[in-house]
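Colleague: Could you walk me through reading aromatic rings in a model? I would like the general idea, then the case at hand.

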Amino acid sequence: MVSNMSTSTASLAFALLVLLLIGLVVLLLLRHFLPIRSTPAYVLVPIFLALFLPVSVILLLPIDLASSLRSEDEATRGIWLPAALVLVAWRITYWLTFALTWFILPLLGEYIDSGYRTPKDRFIYSLRSNGRYQLIV
């Protein structure tokens, strides 16, 4: 019989390896469509997260289902993680995706598209445009 700790450790190592692979694929995708060295970090990081987080749900959902399985034998569950870790992963994924979708990416899009030269004016324009849009919606 496999011990509880070793199965969880192996599952955690596998999950981290797959998340690293997802991050690498997202970076390669960004590299294909964006000049990474000349793209500012304030653009690159939110776009990376906007691609990485939804794709990571593909890994998180089966792990959550396997972790919540009521089986006596942990070895038959496959890949599973402790319930607290899965809960924290879901919360981080949900709230970051929510913030990116409704606040960060719309502000960033208007900030980049604005015709102003100073960052302060660009940010104010972005806030006004998104405020107007949110009031209409």
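**Reading the rings**

Modeller: Let's begin with Tyr94, which is partly exposed at 48% relative accessibility; buried means under 20% relative accessible area, exposed over 50%, and partly exposed in between (1.4 Å probe, protein chains only). This is a predicted model, where local features need pLDDT of at least 70, side-chain atom pairs count only at pLDDT 80 or more, and totals for chains, interfaces and linings use all residues. Residues are numbered from 1 along each chain as its sequence is written, and side-chain values use heavy atoms, with hydrogens and water left out.

Colleague: How many aromatic pairs does the structure hold?

Modeller: A pair of aromatic rings is described by the distance of the centres and the angle of the planes. Rings of Phe, Tyr and Trp (its six-membered ring) pair if their centres lie within 6.5 Å; planes under 30 degrees apart are stacked, over 60 edge-to-face, the rest tilted. The structure holds seven such pairs. One of them, Phe48 with Phe52, is stacked, at 5.5 Å centre to centre and 10° between the planes. Phe48 is partly exposed, with 22% relative accessibility, whereas Phe52 is buried at 16%.

Colleague: And what kind of aromatic pair do Tyr94 and Trp95 form?

Modeller: That pair is edge-to-face: 5.0 Å centre to centre, with 85° between the planes. Trp95 counts as exposed, at 52% relative accessibility.

Colleague: Which residues do ring pairs link into a cluster?

Modeller: Tyr94, Trp95, Phe98 and Phe103 are joined that way.
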